[in-house]
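Morning, everyone. I have one structure to walk you through today. Please have a look at it first.

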Amino acid sequence: MKVLLLFGLVAFALADLTRFEGEQVFRLKPVLDEHVTLIKKLADSIQVDFWKPESPELVTIDIDVDIRVPAIYLDIVYTILQQSDMEHEVLIEDLQTAVDAQADSKVSPRAHSYTKYNTWDTIQSWIASISTSNSDLISKQVIGNTFEGRPMTVLKLGKRSSSTKPAIFMDCGIHAREWISPAFCQWFVKEALSTYGSDSQMTSLLNQMDVFVLPVFNVDGYDFTHKSNRMWRKTRSRKSGTNCFGADPNRNFNAGWCTAGASSNPCSDTYCGSTPESEIEVKNVADFIRRNKSIIKAYITIHSYSQLLLFPYSYTYELAADHSELLKVAEGASAALRSLYGTAYTSGPGAATIYPAAGGSDDWAYDLGVKYSYTFELRDTGRYGFLLPESQIKPTCEETMLAVKYIAAYVQKNL
Ligand code: ARG
Ligand code: ZN
């Protein structure tokens with residue numbers, strides 16, 4: 001009886017988890033208009049998951065296009081690639097193997113680790129324990145609940161003070177499948193707490209400023225990538241008139257909303273939502289930043305992958321009023337990052353550096369008046385993409401710390 005019950009539970013858990021046997025990730029290199037047209041036609045006719053750029057509308061000539069193709073369509077795709085003479089490579093031979101290989105080991109998945117991809121439940125208990133163990137330097141605040149009712153908790157790092165301090169806001173995990181991102185926010189919190197008092201820059205930063213950290217922005221989506229579909233990107237909201245779930249939180253901010261690089265189709269991975277801030281997670285963050293607008297001096301948002309350091313604008317090709325300063329700081333931060341392991345980053349305004357995409361948090365924060373507004377796209381450049389092995393969490397976080405600290409030091413100097 002017990003065995004049967006256990007078997008039933010295991011079968012249920014398996015049935016609920018999307019598997020990716022035989023799926024492949026390709027990198028296509030369109031160099032002709034026909035290639036671009038072909039990729040878009042392919043996206044219309046078969047089910048293709050765009051990894052980079054995030055949707056077929058963003059495909060242009062001379063960029064790398066990383067797509068995930070289900071096993072049943074591989075023959076068609078190979079045939080089309082051959083016929084069109086488009087250069088391409090296979091980045092991932094078998095996606096399920098890559099998913100399985102991402103975790104170093106399967107032991108004690110419930111224990112929190114800074115060098116593992118923790119589940120939401122584990123992160124939630126980590127948030128609870130870390131914020132009580134260091135009450136002089138850290139406090140927590142729930143800024144609202146997600147669509148499915150999970151709390152969104154912001155950690156405030158900084159030496160307690162009677163006066164209000166200027167602050168930096170940083171979020172991770174806007175997109176559910178970009179697992180290295182929440183791993184970085186957890187790493188940052190640990191580093192801040194453990195190096196305060198010994199590292200002079202961290203000490204000075206936390207004495208003078210507060211750092212607000214939202215470790216997981218899209219909690220529902222993140223949980224879904226652990227329990228059901230590793231490749232999920234959007235929120236998990238439902239709305240009438242469609243069977244598709246969620247919107248892209250980084251297309252849902254009120255910054256040139258849904259004018260470029262976003263889709264009004266609720267089934268698209270870059271769906272901009274029904275209205276700006278239709279996604280409760282976006283509204284919660286926007287409300288928090290609006291409430292603290294007078295003290296927030298920098299906005300940092302962590303994504304993956306591509307190794308980029310982007311700043312406004314993405315909704316227009318126009319240069320931001322502070323373009324040269326933003327570029328200078330981005331280049332300094334990229335150089336600091338590179339100094340550790342040689343990891344190369346490209347920096348620039350979003351629209352010109354990758355593609356125009358409206359409704360992003362960086363552009364919105366900038367237009368609200370938060371001058372130092374940056375989007376990181378962490379490792380790698382596509383070898384593993386979203387499935388970055390756990391062995392790379394530590395080096396990725398270490399090098400990213402240098403870039404974030406560079407930006408923070410600059411902001412602090414220019415208060
Ligand atoms: N890959 C990110 C995205 O498409 C880049 C964000 C850059 N900023 C922006 N506002 N589009 O969401
Ligand atoms: Zn992202």
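Which residues does the UniProt annotation "domain: Peptidase M14" cover? According to that record, an unreviewed entry, residues 116-411. Keep in mind that this is a predicted model. In it, that span is 37% helix and 17% strand.

Let's zoom in on one pair. Strand 6, residues 151-157, runs antiparallel to strand 8, residues 210-214. Three bridges link them. Look for K156: it stands opposite F212 in strand 8.

Helix 6 covers residues 180-195, and helix 13 covers residues 393-413. They pack at about 65°, with axes 10 Å apart. The crossing is right-handed. What meets what here? From helix 6, the residues include F184, W187 and F188. From helix 13, they include I393, M401 and V404. By class, the contact has nine nonpolar, two polar and one charged residues.

On to ligand 1. Which residues are around it? Among them are E54, H303, D362, D363 and E377. The shell has two nonpolar, six polar and four charged residues. Helix 12, residues 361-368, supplies at least two of the shell residues, and so does strand 12, residues 372-378.

Most peptide bonds are trans, and most residues other than glycine have a negative phi. Where does this model depart from that? K52 and P53 are joined by a cis peptide bond, with omega about -10°. P53 is in the loop between strand 2 and strand 3. The bond from S304 to Y305 is also cis, with omega near -5°. Y305 is in the loop between strand 9 and strand 10. Finally, C258 is not a glycine, yet its phi is positive, about 60°. Find C258 in the loop between helix 8 and helix 9.

That's my tour. Over to you.

Terms used:
Residues numbered from 1 in each chain as written. Chains lettered and ligands numbered in written order. Predicted model: local features only at pLDDT ≥ 70, side-chain atom pairs only at ≥ 80, totals over all residues. Near = placed C-beta within 6 Å. Helix = DSSP H or I, 4+ residues; strand = E, 2+ residues; numbered from the N terminus. Nonpolar A, V, L, I, M, F, W, Y, C, P; charged D, E, K, R; others polar. Pairing = 2+ DSSP bridges. Axes fitted to C-alpha atoms, helices over the stretch in contact; angles between N-to-C directions. Left-handed = near helix turned anticlockwise from the far one by under 90°. Contact = placed C-beta atoms within 7 Å. UniProt positions renumbered as here; feature names shortened; annotations may be inferred.
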